[in-house]
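Hello,

Here is the structure I promised to hand over.

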Amino acid sequence: RSVYDGEEHGRFMEKLEARIRNHDREIEKMCNFHYQGFVDSITELLKVRGEAQKLKNQVTDTNRKLQNEGKELIIAMEELKQCRLQQRNISATVDKLTLCLPVLEMYSKLREQMKSKRHYPALKTLEHLEHTYLPQVSHYRFCKIMVDNIPKLREEIKEVSMSDLKDFLESIRKHSDKIGETAMKQAQQQRNLDNIVSQHPRISGGKKSKKEACASSDLEVKTTSPMSEQDSGILDVEDEDEDEEVPGAQDLVDFSPVYRCLHIYSVLGARETFENYYRKQRRKQARLVLQPPSNMHETLDGYRKYFNQIVGFFVVEDHILHTTQGLVNRAYIDELWEMALSKTIAALRTHSSYCSDPSLVLDLKNLIVLFADTLQGYGFPVNQLFDMLLEIQDQYSETLLKKWSGVFRNILDSDNYSPIPVTNEEVYKKIVGQFPFQDAELEKQPYPKKFPFSEFVPKVYNQIKEFIYACLKFSEDLHLSSTEVDDMIRKSTNLLLTRTLSNCLQNVIKRKNVGLTELVQIIINTTHLEKSCKFLEEFITNITNVLPETVHTTKLYGTTTFKDARHAAEEEIYTNLNQKIDQFLQLADYDWMAMEPGSKASDYLVDLIGFLRSTFAVFTHLPGDVDVHSTMSGKVAQTACMSACKHLSTSLMQLLLEAEVRQLTLGALQQFNLDVEECER
């Protein structure tokens with residue numbers, strides 16, 4: 001910098017050149033000093049070159065020999081190298097196969113399980129294959145094919161398990177009749193057992209309740225793993241003897257297809273789809289089950305089959321409710337039951353209305369009670385069924401009334417309307433045993449003797465008792481109080497007396513050509529039946545254990561019925577007599593212009609008085625051994641005589657005052673007077 005700054009380039013260059021010259025001189029001195037050594041080194045180097053050439057020739061020769069000798073070794077080494085490479089490849093292949101073989105084995109196992117329809121284990125195998133084995137060998141093409149197939153296999157498992165479920169649903173639809181029949185048999189056995197137990201002192205720790213029995217049965221079914229290899233729908237059950245234990249309703253059904261399908265769909269994340277499908281299908285089946293056959297009302301078997309199917313349906317649903325978590329829930333079951341209850345009650349109302357046979361109605365009632373008890377045992381509310389049975393009870397009463405109307409008609413038509421003759425004590429006791437009749441005077445009389453009433457009295461009395469028994473039969477097992485049963489029987493009996501029996505008696509009294517003897521006998525008969533009403537009251541009290549003094553107790557109207565019948569018979573007697581008098585009066589042929597009277601009363605009047613005399617003889621020849629009857633027939637005779645006399649006098653007066661009689665003679669009046677005197681006499 002100082003050279004450039006001071007502009008002394010020239011001087012600097014001079015100094016530099018002087019320095020170079022100094023160095024050159026020093027180099028030359030050095031070379032001169034070492035020159036001999038350099039020459040010696042060159043000479044030695046030349047010698048070394050010769051030796052090196054020799055050495056090179058030797059090395060080349062040795063190398064050639066070595067190459068010739070090493071060719072075999074190189075070939076062997078190449079072979080060894082190839083061998084080592086193959087060994088390494090084999091080892092790698094073995095390692096890879098070790099990974100692949102389990103995959104192939106699992107896939108083979110999967111296929112085998114699919115083939116043998118073990119779908120739930122197949123699904124588990126598929127899970128292991130997908131998550132454990134395939135990720136280790138995912139880069140192989142066959143693994144990629146497997147991975148692509150997994151969704152298809154899952155879908156196939158879903159479809160096959162759904163097919164199994166459909167088969168199961170179809171099977172239980174067909175077999176619900178058998179399932180229901182078994183459940184109702186169990187309920188019947190339980191009820192019989194309860195009846196036996198109720199008749200003996202209660203023993204603690206007795207038979208398990210139905211629900212407990214169901215629970216234990218449920219536990220047994222739960223132990224059947226969904227991985228069960230079996231896939232049958234309904235198990236075959238042989239018909240067993242009555243004495244043998246009835247198999248549990250759940251014992252008839254293999255529920256494993258439902259459990260498997262539910263597990264499979266749960267594992268596949270489609271549980272909700274499965275639940276919706278199951279419930280939808282069962283709703284459809286419920287509607288089919290609740291559709292009654294058109295001819296169901298014709299036989300009891302028609303009703304029984306209908307009830308069996310409904311019970312079978314709900315037994316299956318109840319079991320599904322208790323053995324699966326949420327496949328069906330209580331709300332769903334209650335909704336189905338509400339629908340079933342309304343449809344069943346509507347069907348029963350319709351079909352029972354066609355039934356005119358009281359014995360069939362009674363059998364139907366017993367069947368409905370068993371149906372209700374069975375389902376109540378499974379926890380279903382059945383109060384509406386018992387309410388409906390009270391409606392059927394009214395219908396049952398109507399069918400009984402129709403039946404007894406025919407019975408009473410037959411009794412009244414076949415009666416001879418004459419006192420019952422008794423030839424010996426055995427016959428006497430038999431009739432007294434049939435009808436509550438006591439008379440000390442009659443008992444003292446020697447045989448043969450006669451009861452005052454005719455045969456229809458004990459027959460009608462016994463038929464009324466039979467009717468009461470028939471009413472009582474219907475009230476059994478309806479969970480009614482004694483008062484309600486008593487009220488029901490009394491109301492039905494009142495209808496029988498006031499409507500059915502009353503109409504039958506009125507028809508007999510009003511029919512054409514009824515004789516006065518028959519009418520008088522009817523009066524006597526109805527008097528005895530009227531007195532028997534208190535015994536009917538006692539009879540009802542004895543079978544219902546409800547005292548007649550109890551508040552709200554309905555009284556029997558039998559007394560009124562028989563009084564009305566008696567009055568109708570009396571009126572018929574008076575009417576008949578008056579009609580006969582009118583017929584005789586039509587024969588009257590007065591000559592109002594006669595100059596002289598006849599010597600005696602008119603022929604028509606003599607005939608009329610003869611008829612009346614023989615008629616009133618009927619009253620006097622009635623059984624008079626019993627005061628009440630002679631008094632009664634006397635009263636009827638007196639009233640009939642009064643009525644006849646009054647009617648005759650009025651009719652004679654009308655004859656005299658007829659508008660057609662414009663004039664009359666004294667002789668005609670005297671003849672008329674003779675007739676009136678004959679009447680007085």
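Below is what was found in it, from the whole chain down to single residues.

A word on the ground rules. This is a predicted model, so residues are numbered from 1 along each chain as its sequence is written, and local features need pLDDT of at least 70, side-chain atom pairs count only at pLDDT 80 or more, while totals for chains, interfaces and linings use all residues. Side-chain values rest on heavy atoms, with hydrogens and water left out.

The whole chain

The protein chain has 21 helices and two strands; helices (H or I, at least four residues) and strands (E, at least two) are DSSP runs, numbered from the N terminus. Of its 681 residues, 41% count as buried, where buried means under 20% relative accessible area, exposed over 50%, and partly exposed in between (1.4 Å probe, protein chains only). Among the contacts with a separation of 6 or more, 80% come from residues 24 or more positions apart; contact means heavy atoms within 4.5 Å.

Helix α7

Helix α7 covers residues 271–289, 19 residues in total. From first C-alpha to last it reaches 27 Å, close to the 27 Å expected at 1.5 Å a residue (the expected span is 1.5 Å times one less than the number of residues). Its buried residues are Phe274, Glu275, Tyr278, Arg279, Arg282, Gln285, Ala286 and Val289. They cover an arc of only 125° around the axis, which puts them on the same side of α7; the arc is that of the directions from the helix axis to the C-beta atoms. On the other side of α7, Glu272, Thr273 and Leu288 are exposed.

Glu275 in this helix has a relative accessible area of 14% and is therefore buried. Leaving aside residues up to four places away in sequence, Glu275 touches Gly326 and Leu327.

Two helix pairs

The axes of α9 (residues 330–352) and α10 (residues 358–377) come within 13 Å and cross at roughly 175°. That makes α9 roughly antiparallel to α10. Axes here are lines fitted to C-alpha atoms, for helices over the stretch in contact, and angles run from 0 to 180 degrees between N-to-C directions; angles over 145 degrees count as roughly antiparallel, under 35 as roughly parallel, 65 to 115 as roughly perpendicular and the rest as oblique. Trp337, Thr344, Leu348 and Ser352 in α9 meet Leu364, Ile368, Phe371 and Leu375 in α10.

For α15 (residues 482–510) and α17 (residues 533–544), the axes come within 10 Å and cross at roughly 150°, so these two helices are also roughly antiparallel to each other. Residues of α15, including Val485 and Ile489, meet residues of α17, including Ile540 and Ile543.

Some single residues

Leu389 is found in helix α11 and is buried, at a relative accessible area of 0%. Leu389 touches Lys365, Ile368, Val369, Phe474 and Leu478, not counting residues up to four places away in sequence. Between Leu389 and Leu364 there are 25 residues in sequence and 9.7 Å in space, C-alpha to C-alpha.

Tyr417 lies in the loop between α11 (383–414) and β1 (421–422). Its phi is near 50°, a positive value in a residue other than glycine, and at 4% relative accessibility Tyr417 counts as buried.

Finally, a cis peptide bond joins Tyr447 and Pro448, with omega about -5°. Pro448 is placed in the loop between α13 (440–444) and β2 (449–450).

Best wishes
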